[in-house]
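Dear colleague,

I am handing over the structure we spoke about, and below it you will find my notes on what turned up when I went through it. Please read them with the structure open beside you.

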Amino acid sequence: MRYLPTLSLEAAGLQSSHTPRNVRFLETAQMPGRVFVNITTHGCGSGCSYCYIDGPTQSQNQLSHAEIVSSLDWLRRHPRFQQGPSGTVISLCPDTEPFKTTTSAQRIGWILQRVLPWGNRIQIATKEQVPAEILMAIERHRAALRQVVLFTTITTISRAKSIEPHAAAPDARAKNFESCRLASVVSCLYIKPFLPATAHDYTAFAELAGKARPDAICVGVLYKSTDVGQPLTHPVHGRMQSPGLEPSCLAFAERLKRDTQVPVFHTAVCVSAWASASLAAPRIWLDYPELCVGCRDCAGEFKSENRKEQYR
Ligand code: SF4
């Protein structure tokens, strides 16, 4: 089984006219699943060459406070949304840079203040330095210590200026690992997508991870456009496909694990599951076994009837 299309909200009993522009459910085959919550309609500004969102080089068109608040109210009432630590994973702001500007960070703060008390696992990925106010908001409003994972994306070290021209420099981003440690927020070095330039920088990545000590490392696949027949389809951008974990990617991950002694994963979902000692949502161990690193006993836990009921 592979990633499935986004849920039909009409099928879920909600009028499409009420559907917020910034909320998308993923993995329709089973709950609790995952949901993307965005703060923009398009644009980013980091301009990464491998990006597939609308307008990677354009300024962010940010949503208003009223629109964000009403979208979160809608999400909480939605029949596909399961509240709580084993519930739906919230991927916050996957379609733009959450900390591009003070106003984008402000929107992240609005969302965190509202959703952290629900207890759901939350993922945030950035190529900037995380603002102190955001870490303070997490500390103040979280329902559990390891509820949030802050992913700091670094795909290249030597070629960042050409591949990610308007993102923070990799050494500035790496400061997030220490900032997270001080705030007791789980951090992950997010090496995704894995590029030829990534493999070229192995020594620099090992040195960075050895010094900065992220809690986890995730080495993830590269999605490319329209290669019909590739085994993985992007969960949201259906035109993007991936051959999965190629030998060079697997070898890089194995070596990094051995050299740094930091846990290495292949999906952000599994980092969140590991951090919070919960089952992966979606069921990586079952539906995407090639991405499972066996970090915990997801298969054994799933055998309990309660879990099966929850993952319906
Ligand atoms: S056991 Fe496998 S599926 Fe479960 S969290 Fe670990 S890597 Fe993911």
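Arg213 sits in the loop between helix 8 and strand 9 (216–219), and its phi is near 50°, a positive value in a residue other than glycine. Please keep in mind here, and for everything that follows, that this is a predicted model. Arg213 is partly exposed, because 15 other C-beta atoms lie within 10 Å, and a residue counts as buried only with 20 or more. A second case of this kind is Cys93, which has a positive phi of about 65° although it is not a glycine and which lies in the loop between strand 5 and helix 2. Cys93, however, is buried, since it has 23 other C-beta atoms within 10 Å. As background, most residues other than glycine have a negative phi, and most peptide bonds are trans.

The peptide bonds also deserve a look. Lys192 and Pro193 are joined by a cis peptide bond with omega of about 5°, and Pro193 belongs to the loop between strand 8 and helix 7 (196–200). The bond from Ala281 to Pro282 is cis as well, with omega near 10°, and Pro282 is placed in the loop between helix 10 and helix 11.

Helix 10 and helix 11 come up again at the ligand. Helix 10 (268–276) and helix 11 (284–287) are the elements that give two or more residues to the shell around the ligand, and the largest share, three residues, comes from helix 10. Among the residues around the ligand are Cys270, Ala273, Trp274, Ile284, Trp285, Cys292, Cys295, Arg296 and Cys298. Sorted by class, this shell has 10 nonpolar residues, one polar residue and one charged residue.

Turning to the chain as a whole, its secondary structure comes to 13 helices and 13 strands, and buried residues make up 45% of its 312 residues. Of the contacts between residues at least 6 apart in sequence, 71% join residues at least 24 apart.

How many strands form the open sheet, and in what order do they stand? There are eight, in the order 1-2-5-6-7-8-9-13, with mixed pairing, and the edge strands, each pairing on one side only, are strand 1 (23–26) and strand 13 (264–265). Within this sheet, strand 2 (residues 34–37) and strand 5 (residues 89–92) run parallel and are joined by four bridges, with Phe36 standing opposite Ser91 in strand 5.

Strand 7 (residues 148–153) is mostly covered, as six of its six residues are buried. Val148, Leu150 and Thr152 point one way from strand 7, while Val149, Phe151 and Thr153 point the other way. Strand 7 runs parallel to strand 6 (residues 122–126), to which five bridges join it, and the bridge partner of Ile122 in strand 7 is Val148. Between these two strands the chain crosses through helix 3 (residues 132–141), and this β-α-β crossover is right-handed. Five bridges also join strand 7 to strand 8 (residues 186–191), again in parallel, and Val149 stands opposite Val186 in strand 8.

In helix 3 itself, Ile134, Ala137 and Ile138 are buried. Seen down the axis of helix 3, its buried residues fall within an arc of 100°, and therefore they line one face of the helix. The cover over these buried residues includes helix 2 (102–115) and strand 7, whereas the face turned away from the buried side carries the exposed residues Ala132, Met136 and Arg140.

Two single residues remain. Pro56 lies in the loop between strand 3 (40–42) and strand 4 (61–62) and is buried, because 21 other C-beta atoms lie within 10 Å. Not counting residues up to four places away in sequence, Pro56 touches Cys44, Ser46, Gly47, Cys48 and Cys51; Pro56 and Ser46 are 10 residues apart in sequence and 6.4 Å apart in space, C-alpha to C-alpha. Tyr202, in helix 8 (residues 202–212), is partly exposed, with 15 other C-beta atoms within 10 Å. Leaving aside its neighbours within four places in sequence, Tyr202 is in contact with Phe252 and Arg255, while Tyr202 and Leu256, 54 residues apart in sequence, are 8.1 Å apart in space, C-alpha to C-alpha.

With best wishes

Technical notes:
Residues are numbered from 1 along each chain as its sequence is written. This is a predicted model: local features need pLDDT of at least 70, side-chain atom pairs count only at pLDDT 80 or more; totals for chains, interfaces and linings use all residues. A residue is near a molecule or strand if its C-beta atom, placed from the backbone, lies within 6 Å of it. Ala, Val, Leu, Ile, Met, Phe, Trp, Tyr, Cys and Pro count as nonpolar, Asp, Glu, Lys and Arg as charged, and the others, Gly among them, as polar. Two strands pair if DSSP finds at least two bridges between them. A residue is buried if 20 or more other C-beta atoms lie within 10 Å of its own, exposed if 12 or fewer, and partly exposed in between; C-beta atoms are placed from the backbone. A crossover is right-handed if, with the strands pointing away from the viewer, the path from the first strand over the helix to the second runs clockwise. Two residues are in contact if their C-beta atoms, placed from the backbone, lie within 7 Å. The arc is that of the directions from the helix axis to the C-beta atoms.
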